[in-house]
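Here are my notes for you on the pockets of this one, plus a pair of helices. Have a look at the picture before you read on.

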Amino acid sequence: MSTDNNFSYVLNAGHVELLSKMGDDLSIVNAAKVSFSAELDEMNESGTKLINYLIKNKHATPFEHVVFKFRVKCPIFVAREWFRHRWSSFNEMSMRYYVPEKIDFFYPDKEDIRTQVGKPGAYTFEPMKFPEAAHSEVSRQFENVYSAAEKAYRHLLNIGVAKELARSILPVGQYTEFIWTVNARSLMNFLSLRNDDNAQMEIAKFAFEIEEMFANILPVTHKSWVSNGRESI
């Protein structure tokens, strides 16, 4: 759910915020043109054609000269998938040092509760047969576990257990926060995999919002990338 071009709420308690960016479509064009000791002063049709040529032929390094910095708040199970994208930089909130006054936990929306059908590697996800009842039961079970886990966590801290040990009792539905710095090439790789029907729904919702920001900052690059099949380069 977007609120403006640089900030979007995602899931029940998450968000993604674009903190800063370096470069634009013209930066990509001039990174490529330096091979010929040439430069454009502003984007024009030749620059657009060059970006399309670079993407189509997978000449990727010019896209590494545009960099995005995001602040993300997401469930730990989403972050674990996110951190697999190693050609970028992460710094995460650490409860080894920090004790949150309030711990946020993930609860799925009713329409997102699903069942898995088929064998591993060849399965699909389908809505539950009785969505109202399923949502009620899922919410109840999540609440029971989260409440018990947080109560135990606070108790361990109160009796003097070290923060780095007490935190291990909390579930992966807990929200974490991190700073993510990524160049445009690696971001397209992330989006090709995560804003996709095969991605887990929860991370795909974050990727959708990030792609909106990407398209706003690099409109020529985004349009060309989409028209060339949204592939990694």
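1. Start with the second largest pocket: its lining splits into four nonpolar, five polar and four charged residues. (Ala, Val, Leu, Ile, Met, Phe, Trp, Tyr, Cys and Pro count as nonpolar, Asp, Glu, Lys and Arg as charged, and the others, Gly among them, as polar.) The volume of this pocket is about 220 Å³, and H85, R86, W87, S186 and N189 are the closest to its centre of the 13 lining residues.

2. A word on the model: it is predicted, so to speak of local features takes pLDDT of at least 70 and side-chain atom pairs need 80 or more, while totals for chains, interfaces and linings use all residues. Residues are numbered from 1 along each chain as its sequence is written, and side-chain values use heavy atoms, without hydrogens or water.

3. Now the largest pocket, at about 410 Å³. Among its 16 lining residues, F125, D197, N198, A199 and Q200 lie nearest the centre. Strand β7 (124-127) gives the most to this lining, with three residues.

4. How do α6 and α7 pack? Helix α6 (residues 184-194) and helix α7 (residues 201-217) meet at an angle of about 140°, their axes 9 Å apart. They are therefore oblique to each other (under 35 degrees is roughly parallel, over 145 roughly antiparallel, 65 to 115 roughly perpendicular, and the rest oblique). On the α6 side, the contact (heavy atoms within 4.5 Å) is made by L187, M188, F190, L191 and R194. The contact residues divide into nine nonpolar, no polar and two charged.

Technical notes: Axes are lines fitted to C-alpha atoms, for helices over the stretch in contact, and angles run from 0 to 180 degrees between N-to-C directions. Helices (H or I, at least four residues) and strands (E, at least two) are DSSP runs, numbered from the N terminus. On a 1 Å grid over the protein atoms alone, a cavity is a set of points where a 1.4 Å probe fits but cannot get out, and a pocket is an open set with protein on both sides within 12 Å along at least five of seven lines; lining residues have an atom within 4 Å of a point. Grid points are joined across faces, edges and corners, and a volume is the space filled by probe spheres set on the points.
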